Amino acid sequence: MFRKNKCYTILIADDTMIRHVRFSKLFPDYQKTRHFGTQHVFTVSAAIEALAHNRYHMVCLDHDFGTFDDGRPICNWLVENKMCCPAKVLIHSQNHVGAKAMKEILSEIPGIEVFVLPYEGANES
């Protein structure tokens, strides 16, 4: 997924701290080599703000953000702002229907690679 000797920036958007910790562990070389730079956001509005002002190689998105919000507005914003779109999006969610809807929205963006990873961790707090 990533080439060696290149610096990658990754946005992790999720409302659950434990998932941020787990996703950070997916990029263990960051601490040793600085090949990964990660930014963490916990709300939909913070994700859109980050995407509007920074360029990312990959974005990790959850579907469910609390009780009343979800990741679809982020996807819609990316469709409307294709120049801010990362090359890769990883949708991680326990909500399979929501993840599928997000992938469908992102399919409107030419050249983007979208991966869906059902998140397993129902017993997290």
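Q: How many salt bridges does the structure hold?
A: This is a predicted model, in which local features need pLDDT of at least 70, side-chain atom pairs count only at pLDDT 80 or more, and totals for chains, interfaces and linings use all residues. Residues are numbered from 1 along each chain as its sequence is written, and side-chain values use heavy atoms, with hydrogens and water left out. A salt bridge is a side-chain nitrogen of Lys or Arg within 4 Å of a carboxyl oxygen of Asp or Glu. The number of salt bridges in the structure is 4.

Q: Which residues do salt bridges with shared partners join into one network?
A: Lys-88 and Glu-113 form a salt bridge, with the closest N and O atoms 2.8 Å apart; Lys-88 lies in strand β6 and Glu-113 in strand β7 (residues 113-118), 25 residues apart. Arg-19 meets Asp-14 in a salt bridge (3.3 Å, N to O), and Arg-19 also forms one with Asp-62, the closest N and O atoms being 3.1 Å apart. Through shared partners, salt bridges join into one network Asp-14, Arg-19 and Asp-62.

Q: Is Arg-19 buried or exposed?
A: Buried means under 20% relative accessible area, exposed over 50%, and partly exposed in between (1.4 Å probe, protein chains only). Asp-14, a salt-bridge partner of Arg-19, is buried at a relative accessible area of 0%. Arg-19 has 6% relative accessibility, so Arg-19 counts as buried.

Q: In which helix is Val-21 placed?
A: Val-21 belongs with Met-17 and Phe-42 to a nonpolar patch on the surface, with about 260 Å² of accessible area together. Such a patch is made of residues with over 30% relative accessible area and no salt bridge, nonpolar side chains (Val, Leu, Ile, Met, Phe, Trp, Tyr) being joined within 5 Å and like charges within 9 Å; areas come from the Shrake-Rupley method with a 1.4 Å probe, and for residues only the protein chains shown count as cover. At a relative accessible area of 35%, Val-21 is partly exposed. Its place is in helix α1 (residues 17-25).

How values were computed. Helix = DSSP H or I, 4+ residues; strand = E, 2+ residues; numbered from the N terminus.
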